[in-house]
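Biologist: Before I use the labels on a model, I want to know what stands behind them. Can we go through them one at a time?

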Amino acid sequence: MEHNLWNHVLQVRAQSPLVHNITNYVVMNNTANALLAVGASPIMAHAHAEIDEMVGICQSLVVNIGTLDEYWVKAMLQASTKAAELKKPFVIDPVGAGATSFRNDTLSKLLATRPTVIRGNASEIMALAKQNTATTKGVDSTAESDEAIGAAIDLHRQFGAVVCISGQTDIVVSGDRRSYVKNGSGLMTKVTGLGCSATALIGAFIAVVDDKFEAVTAAMALMGLAGELASKQAAGPGSLQMHLLDKLYNITEEEFSAHLQLVVK
Amino acid sequence: MEHNLWNHVLQVRAQSPLVHNITNYVVMNNTANALLAVGASPIMAHAHAEIDEMVGICQSLVVNIGTLDEYWVKAMLQASTKAAELKKPFVIDPVGAGATSFRNDTLSKLLATRPTVIRGNASEIMALAKQNTATTKGVDSTAESDEAIGAAIDLHRQFGAVVCISGQTDIVVSGDRRSYVKNGSGLMTKVTGLGCSATALIGAFIAVVDDKFEAVTAAMALMGLAGELASKQAAGPGSLQMHLLDKLYNITEEEFSAHLQLVVK
Amino acid sequence: MEHNLWNHVLQVRAQSPLVHNITNYVVMNNTANALLAVGASPIMAHAHAEIDEMVGICQSLVVNIGTLDEYWVKAMLQASTKAAELKKPFVIDPVGAGATSFRNDTLSKLLATRPTVIRGNASEIMALAKQNTATTKGVDSTAESDEAIGAAIDLHRQFGAVVCISGQTDIVVSGDRRSYVKNGSGLMTKVTGLGCSATALIGAFIAVVDDKFEAVTAAMALMGLAGELASKQAAGPGSLQMHLLDKLYNITEEEFSAHLQLVVK
C-alpha cells in the first residue's frame, strides 16, 4: 500500500476534485487553503436553497459540526442525504462529540445518512460509539487508543464507514484492515483546526481514490508528514500553520517516502 | 494614468476610508487584514437592525456573496439599496456566479441596485452577463478573455458599472476605457480569498478616488504587484499570504513603478 | 504585583482552562490560536440548544459582539446569564460600541448580566459609559485617555466589572486600583483582531486567577509583550500575526521580566 499512497497524492493534484465543505467558522479559511495547497478545489456553501445543486456539482462532501446551529444542522443533513442519494462520498468530523446533547443528536442523524468516512480524535470516536452502537466490548481495554479502536470497529460495523482516529498515531479502521500513521508533531495540537484540515483532505482523497481505506490513509499520511516537516522549521504555532500550507503544496515524493512512518495490517 | 495610480495608493493611506464589508466567512480575516495593510479601516456588519446605520457612517460598501444564505442576502440587498440611496460607491463580488440558481437570483437583485463596480473572474463575469443582459454578441470569440470582455461590456451597458475581470491579466472595462494589469503570480490561485481581497481593496479605492475606472485599476495594480513581489519570497501558499499582507503594507513608490505592467487603452 | 504576573502565565499553561468563546467571525481563528498558544483550550459554540451545557463545562466565557446579529445576541445573553448564575467569570468585548443603536442596546443588556471584565478601546469604553452610567464627570478632561479612565471608573462603579482600556498604554481599572501596561507596538493596529485576541486571553486568565485585576493585567502584559517582541521580527502586519502567535507560545520568564513596562498604582 505504501507505494499507492504517493500515487493518490498525485491523483488529487491531477484531478483537482471539487470538494463541498459545510464546516465551522473557526477553520474555514485554513481548510480551504489546505485543500488548495494539495491541488483540490474547495467550495463552501450552506444555504438550504442551493445545497442540492452544490452537492450535485461537487465530487465529495465534508461535514464538520464545530460551530453548528439549527440552520447549519439542517444544511448538513440536507447535504449528507443528497450525497448519499447521489452516491457521492462524504466525510463527517464529529467535533465535540459527547460535549452536549445537541451535538450528540445531530451526529446520530448524520450517522444515519451513512457517511463514507468518520474522522475524530479518540474521545470523539468513543463518544460517538457509546451513543450510537449497541455492541458491548467484551474485552477490557486499558489503553485509550485500544478503547478507541474498539469504538471505531463498532462504528464501522454499524454504519459501514471507514473510521479514522487521529492522535499521536493516526489509526484507520475498515473491516479487518488497519493502518497506523505515526507522523506528525506535538506542536500541531497548538494550532486550531489541523484535525479539521485533515478531514478536509480526506474529502479530497475520497473524491478521487476508489479504495476509501487507502484514500483516508493517504490523506492522514500527507497531513502528518507535512505537519512533521513544517514543525522542524517552526518557532511556534504561528509559523507552523504557515509552513504546513507550504509543505502541503511543495512536498516531494522523496520527502514523502523518506519520512513516512506507516504500519498496515 | 500610470502616475495617478500611486497617488491613489497614497490617497487611501492618507484618508483611511471606513469600508463596510458584507462578505463571506472564509475570507473575512484576510480581507480585513488586506484593508488594514493598505491603510483603510474595515467594518464587518450584517445585522438587519444596524445595516442602514453602518452604511451611513462608512465611505463605501463591499458585498461578496461567497457564503450567502437567506439572512445574509437580505442584509446585502438592504445595504446595497441604502448605499445607492446615499450615493455611496459599492462593489459586488459575484462569487460562484452560475453555480446555482440561488446565486444567480441573488446577483440579479444586487445588480438591480446598480453597483459602482463588479469584480469577478472570467467565468463569473460571463455567467453574470448571460443571466442579466439581453445583448447577443455578434462576434465569435475564440479566447475566453475576449468572451469575458464582451460580457463585461454588456454588463457595463446594462448597469453602468465599472467591470473588472480578474485573472492572469486583470482587465478593467468602463465605456470605451480599458486597462490591463499584467502583474501577479500563478501561486496566488493557491491561496483562498485573494480575489475577495482584491474586491475589498477596490472598496477602499472607490471610497477616495473620484474616477472609478482609475480607482479599480489602482486597486488591481496594487494587489497584483504585492502578490507578485510576495511570490518571489514565498515557499508556497502559506508564506505567500503572509508576505502579501506585508507587501500591501510596505510597498514603496519605487517598487510600484519599477514592476507595474499596465496597458491602458 | 510584577512577580505575580509571570506566575499567572504559568498558571494558564499548567491548568489549561476551557474557555467558551462567542465571538465574531473575523477573528475566531486568531483568538482560538491565541488561546492555544498560551496553553488554554478554546471552545467556540453559539447554538441556543447547547449554550447552557457549554457554559457549564467551561471555566470562563468570552463574549465579543463584533459581527452580532439577532440570533447571536440571544446566544450571548443566554451565555452571560448562565455564566453569572453559575458564578463563572466572563469578559465582554464591546466592539463598535457607539456605532449603532443595535450595538448599544445589546451592550446594555449584556452589562446588566454583570460581566467580570470589560475590555475595549478608549472610544468604546467612553461610548459604553455614556450610554449606561448616570455619573457626570465634574472634572474637565483634555486628554482622551483621562476621559476614558473616568468612563472606566463609572462603569466599574455601576457594574462592578474590572475595566480595561486598551491602546498605546493599556489601562486596567478596578476600584482604587490602576495598572498601566506600556508594552506593544504601533504595527499591532494594522492586524485585525488583536484587541479581540487580548480579550480572549483575559478569558483564559480570569479562569484561573482569583484576583481579577491581576488576571487582566497579566493578560494585557503578555499580549503587549508578545506583540512588541514579534514586531521587532516583523516586516509588516502579515509576519507580525505569525510571530505574535509564536511568541505567545514560546515567551520566557527572562523575556517577560526584561521587557515588561508596568506601572501599578
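Modeller: What follows takes the labels in turn and sets each value against its cut-off. This is a predicted model.

Biologist: Start with chain B and chain A. How many residues does each side give to the contact?

Modeller: Chain B gives 25 residues and chain A gives 25 residues. Together the two chains bury about 2000 Å², and carbon and sulfur atoms make up 60% of that area. On the side of chain B, the residues that lose the most area to chain A are Tyr25(B), Val26(B) and Lys190(B), with 26% of that side's buried area between them.

Biologist: What makes the pair Glu50(A) and Arg103(B) a salt bridge?

Modeller: The distance from N to O between the two side chains is 2.8 Å. The cut-off is 4 Å between a side-chain nitrogen of Lys or Arg and a carboxyl oxygen of Asp or Glu, so the pair Glu50(A) and Arg103(B) qualifies. The count between chain B and chain A is one salt bridge. Polar contacts across this interface come to twelve residue pairs, both residues being at pLDDT 80 or more.

Biologist: Which helices of chain B supply at least two residues each to the side that touches chain A?

Modeller: They are α5 (101-112) and α10 (237-250) of chain B. The most comes from α10(B), with four residues. By class, that side of chain B holds eleven nonpolar, ten polar and four charged residues.

Biologist: Now chain C and chain B. What is the buried area there?

Modeller: The area is about 2000 Å², with 59% from carbon and sulfur atoms. In chain C, Tyr25(C), Val26(C) and Lys190(C) lose the most area to chain B, together 26% of what that side buries. The contact involves 25 residues of chain C and 25 residues of chain B.

Biologist: How do you know that Glu50(B) and Arg103(C) form a salt bridge?

Modeller: Their side chains meet at 2.7 Å, N to O. That value is within 4 Å, so the pair Glu50(B) and Arg103(C) counts as a salt bridge. Between chain C and chain B the count is one salt bridge, and the interface has twelve residue pairs in polar contact. On the side of chain C that touches chain B, α5 (101-112) and α10 (237-250) of chain C give two or more residues each. Four residues come from α10(C), which gives the most.

Biologist: Turn to the aromatic residues. Why is the pair Trp72(B) and Tyr25(C) called tilted?

Modeller: The ring centres are 6.0 Å apart, within the 6.5 Å needed for a pair. The planes stand at 55 degrees; stacked requires under 30 and edge-to-face over 60, so the pair is tilted.

Biologist: Why does the pair Trp72(B) and Tyr25(C) join two chains?

Modeller: Trp72(B) lies in helix α4 (residues 70-85) of chain B, while Tyr25(C) lies in the loop between β1 (18-22) and α2 (28-38) of chain C, so the pair joins two chains.

Biologist: What makes Tyr25(C) and Trp72(C) an edge-to-face pair?

Modeller: Their planes are at 75 degrees, over the cut-off of 60, and their centres are 5.3 Å apart, so the pair is edge-to-face. Trp72(C) is in helix α4 (residues 70-85) of chain C, and the pair ties together parts that are 47 residues apart in sequence. Tyr25(A), Trp72(A), Tyr25(B), Trp72(B), Tyr25(C) and Trp72(C) form one aromatic cluster.

Biologist: Are Trp72(B), Tyr25(C) and Trp72(C) buried or exposed?

Modeller: Relative accessibility is 4% for Trp72(B), 5% for Tyr25(C) and 5% for Trp72(C). Buried means under 20%, so Trp72(B), Tyr25(C) and Trp72(C) count as buried.

Biologist: Why is Asp93(C) called buried?

Modeller: Its relative accessible area is 0%, and the cut-off is under 20%, so Asp93(C) is buried. Asp93(C) sits in strand β4 (residues 90-93) of chain C. Its contacts include Arg119(C), Cys196(C) and Thr199(C).

Biologist: And what makes Thr100(C) buried?

Modeller: Thr100(C) has 1% relative accessibility against a limit of 20%, so Thr100(C) counts as buried. Thr100(C) is in the loop between β4 and α5 of chain C. Beyond its neighbours within four places in sequence, Thr100(C) contacts Glu50(B), Glu53(B) and Met54(B). A polar atom of the Thr100(C) side chain lies 3.2 Å from the backbone nitrogen of Arg103(C).

Definitions and conventions. Residues are numbered from 1 along each chain as its sequence is written. Chains are lettered from A and ligands numbered from 1 in the order in which they are written. This is a predicted model: local features need pLDDT of at least 70, side-chain atom pairs count only at pLDDT 80 or more; totals for chains, interfaces and linings use all residues. Side-chain values use heavy atoms; hydrogens and water are left out. Contact means heavy atoms within 4.5 Å. Buried area is the accessible area (1.4 Å probe) that two parts lose on being put together, summed over both. A polar contact is a pair of N or O atoms within 3.5 Å; within protein, one must be able to donate a hydrogen and the other to accept it, and residues adjacent in sequence count only if both atoms are side-chain atoms. Ala, Val, Leu, Ile, Met, Phe, Trp, Tyr, Cys and Pro count as nonpolar, Asp, Glu, Lys and Arg as charged, and the others, Gly among them, as polar. Buried means under 20% relative accessible area, exposed over 50%, partly exposed in between (1.4 Å probe, protein chains only).
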